[in-house]
Amino acid sequence: SNWLPFLVWFQFSNSHMFINDVFTSCGQWLEDQTKKLHKDMKKSTEADLAMSKAAVKISADLLSNPLCEQDQAFLDSMNALDTAMKRMDSFNQEKVNQIQKTVIDPLKKYSGVFPSLNMAVKRREQALQDYKRLQSKVEKYEEKEKTGPVMVKLHQAREELRPVRDDFEAKNKQLLDEMPKFYHSRIDYFQPSFEALIRAQVVYFTEMYKIFNDLTDQIDQAGLTDEQRERETEAKLSELRALSIVADD
């Protein structure tokens, strides 16, 4: 992808076709990478929203469990969980909105410049073909015997070539000057977006730590460790398996 040294060298050569290939392939590469990043960011935020919406639904389903009407402690725990999930969903929505404005929208706007860039490359290619065609015409008359009619046609061909050559050289110089600037500018353009993405994630996960820390304080049973909880769950599962109605035949 680091094609700029080639442009520096080839602007002093006659390899115009090679330069055109460089413009086309590297412009296409940058366009493809931008579109891929835009698509991946959209999929990421959609997955984030789906996750928090699913968590809210789970807590709502648990609240509708008949056990909540029979056990006050369970009801209190489910209310705490439901509140936490709704807070998480709210902060997640704020994070996604922020990413949309600072990352996804700028990516979409950046993608919008490529049609004009591609058109500039195509115009240069067309100008090059016109230049080569008329240059060949001039060379053909230069190789012929220098008779009066041939000299007239040679003069006409040279006059026809001059503006076409100037047009190509102008288009060629414009791309050689501006394409590297455009390529390098991507870093300055995207840097604020990536910084905003990191800040949005930091804010979100900081709030998640607070939310789940508060939730743990509300539903934690005497500060049991994970190992103790696992042993307690296994003991209760063993009791269930001991019941005749679930015993293996």
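## Exercises on salt bridges, a pocket and a surface patch

Glutamate 160 is partly exposed, with a relative accessibility of 37%. The structure is a predicted model.

**Exercise 1.** Find the salt-bridge partner of glutamate 160 and state which helices the pair joins.

Solution.
1. The side chain of glutamate 160 meets that of lysine 137 in a salt bridge, at 3.4 Å from N to O.
2. Lysine 137 belongs to helix H5 (residues 114–143) and glutamate 160 to helix H6, so the pair ties together parts 23 residues apart in sequence.
3. Lysine 137 has a relative accessible area of 32% and is partly exposed. Glutamate 160, at 37%, is partly exposed as well.

**Exercise 2.** Describe the salt bridges of lysine 36 and lysine 53, and place each pair in the chain.

Solution.
1. The structure holds 15 salt bridges.
2. Lysine 36 pairs with aspartate 40, with the closest N and O atoms 3.1 Å apart.
3. Both residues lie in helix H2; because they are four residues apart, about one helical turn separates them.
4. Aspartate 40 is partly exposed, at 32% relative accessibility.
5. Lysine 53 forms a salt bridge with aspartate 89, at 3.0 Å from N to O.
6. This pair links distant parts of the chain, since aspartate 89 is in helix H4 (residues 72–111) and lysine 53 in helix H2, 36 residues apart.
7. Buried means under 20% relative accessible area. Aspartate 89 has 12% and is therefore buried, whereas lysine 53 is partly exposed at 44%.

**Exercise 3.** Characterise the second largest pocket by its volume, its lining and the helices that supply the lining.

Solution.
1. The space in the second largest pocket is about 170 Å³.
2. Its lining consists of Trp29, Leu30, Gln33, Thr34, Leu37, Leu107, Arg186, Ile187, Phe190, Gln191 and Phe194.
3. At least two lining residues come from each of helix H2 (16–63) and helix H6 (148–219).
4. By class, the lining has seven nonpolar, three polar and one charged residue.

**Exercise 4.** Identify the residues of the nonpolar surface patch, and determine whether isoleucine 245 is buried or exposed.

Solution.
1. Leu237, Leu240, Leu243 and Ile245 make a nonpolar surface patch of about 400 Å².
2. Isoleucine 245 sits in the segment after helix H7 (226–241).
3. A residue counts as exposed over 50% relative accessible area. Isoleucine 245 has 75%, so this residue is exposed.

Methods:
Residues are numbered from 1 along each chain as its sequence is written. This is a predicted model: local features need pLDDT of at least 70, side-chain atom pairs count only at pLDDT 80 or more; totals for chains, interfaces and linings use all residues. Side-chain values use heavy atoms; hydrogens and water are left out. On a 1 Å grid over the protein atoms alone, a cavity is a set of points where a 1.4 Å probe fits but cannot get out, and a pocket is an open set with protein on both sides within 12 Å along at least five of seven lines; lining residues have an atom within 4 Å of a point. Grid points are joined across faces, edges and corners, and a volume is the space filled by probe spheres set on the points. Ala, Val, Leu, Ile, Met, Phe, Trp, Tyr, Cys and Pro count as nonpolar, Asp, Glu, Lys and Arg as charged, and the others, Gly among them, as polar. Patches are made of residues with over 30% relative accessible area and no salt bridge: like charges are joined within 9 Å, nonpolar side chains (Val, Leu, Ile, Met, Phe, Trp, Tyr) within 5 Å. Accessible areas come from the Shrake-Rupley method with a 1.4 Å probe; for residues, only the protein chains shown count as cover. A salt bridge is a side-chain nitrogen of Lys or Arg within 4 Å of a carboxyl oxygen of Asp or Glu. Buried means under 20% relative accessible area, exposed over 50%, partly exposed in between (1.4 Å probe, protein chains only).
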